[in-house]
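This briefing is meant to be read alongside the sequence and the 3D view. Please keep both open while you work through the points below.

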Amino acid sequence: WFGTLELVDNTSMYKLKMNNQNNITLWAYPVKVDETIFNLYEGYNWIGYSPQISTGLNTALINISDGSLEYIKSQQGYANYYENNGWFGSLDQLYPFGGYIGRAISDANFTYYDGGLSKSSSAYTPLSYGQFDLNIHDYEYNGTMTTALYIDGDRVDSYDYILAAYDGMTCVGYTEGLYFPLDGNIIFPLMVYGNEEGYALTFKVYDKLSNTYLDIDKELIFTPDMQLGDGFDPVILNNQS
């Protein structure tokens with residue numbers, strides 16, 4: 001290896017571009033979680049995860065000053081912070097060996113919580129539907145959209161639909177509905193992927209009961225690290241009439 005990156009540490013996140021699948025073995029002493037300080041700066045931060053066990057998001061980040069961090073994502077899911085209610089989204093656990101991008105609204109220092117049980121969990125399970133043929137590792141970047149789905153003018157309040165995003169004919173993201181407990185509605189927490197800025201995102205809805213697809217009447221432009229909507233103010237998507 002040669003470049004401006006010479007050292008790796010135990011608080012940062014790193015991106016790797018692999019030519020083929022492989023494993024990386026690192027030897028080190030376990031960190032002392034309560035002594036490993038993570039520095040957050042206003043804006044986007046790439047951070048690692050120091051505990052040796054997975055922990056619920058609300059518990060793992062309990063030592064961060066309330067509201068200092070407002071958004072966090074991994075390669076597969078994301079969550080927003082809701083004042084006085086905590087974290088909620090498709091990312092509900094942090095894992096050893098994981099890397100995360102967090103957006104802070106102010107500078108802050110914190111240590112992860114070490115030990116104990118998760119305070120809460122959205123119990124979200126990642127999807128696995130073969131017809132969408134999505135390999136997230138084909139893409140360098142991702143972005144997130146918290147959406148509300150309307151069909152024939154009525155907001156979807158069931159789990160009978162899958163929302164999918166496309167770049168042309170290629171699926172670049174899909175999600176099922178997720179119950180948002182703070183207002184009782186169903187949201188669709190969509191993560192979309194891409195290798196460059198500026199392509200047009202189109203959307204379809206898959207009806208699991210009828211095995212049919214509906215077109216959505218909106219297009220959006222993909223931007224790396226885009227973050228649109230939240231549970232209280234979702235992006236509205238309507239089917240084409």
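Predicted model: local features only at pLDDT ≥ 70, side-chain atom pairs only at ≥ 80, totals over all residues.

In the hairpin formed by strands E14 and E15, four residues lie between the two strands, and Gly 184 takes a positive phi near 85°.

**Strand E15 and its partners**

- Strand E14, which covers residues 178-180, runs antiparallel to E15, and three bridges join the two strands.
- Within this pairing, Tyr 179 is the residue that stands opposite Ile 186 in E15.
- Strand E10, made of residues 141-151, also pairs with E15 in the antiparallel sense, and this pairing extends over seven bridges.
- Here Thr 144 stands opposite Met 191 in E15.
- Strand E15 itself spans residues 185-194, and because nine of its 10 residues are buried, the strand is largely enclosed by the rest of the structure.

**Aromatic pairs**

- A search of the whole structure finds 16 aromatic pairs, and one of them brings together Tyr 82 and Phe 180, whose ring centres are 5.2 Å apart and whose planes stand at 55°, so the pair is described as tilted.
- Because Tyr 82 belongs to strand E5 (residues 78-82) while Phe 180 belongs to strand E14, this pair ties together parts that are 98 residues apart in sequence.
- Both Tyr 82 and Phe 180 are buried.
- The rings of Tyr 206 and Tyr 213 have their centres 5.0 Å apart and their planes at 45°, so this pair, too, is tilted.
- Are the two residues of this pair buried or partly exposed? Tyr 206 has a relative accessibility of 10% and therefore counts as buried, whereas Tyr 213, at 40%, counts as partly exposed.
- Ring pairs also link Phe 38, Tyr 49, Phe 110 and Tyr 112 into a cluster.

- Which residues make the nonpolar surface patch of about 470 Å²? The patch is made by Leu 16, Met 18, Ile 24 and Leu 26.
- Met 18, one of these residues, lies in the segment that comes before strand E1 (38-40).

Note on methods. Residues numbered from 1 in each chain as written. Heavy atoms only, no water. Patch = residues over 30% accessible without salt bridge, like charges linked within 9 Å, V, L, I, M, F, W, Y side chains within 5 Å. Areas by Shrake-Rupley, 256 points an atom, 1.4 Å probe, with all protein chains shown as cover. Salt bridge = Lys/Arg side-chain N within 4 Å of Asp/Glu carboxyl O. Buried < 20%, exposed > 50% of the residue type's maximum accessible area, 1.4 Å probe, protein only. Pairing = 2+ DSSP bridges. Phe/Tyr/Trp six-rings, centres within 6.5 Å; stacked < 30°, edge-to-face > 60°.
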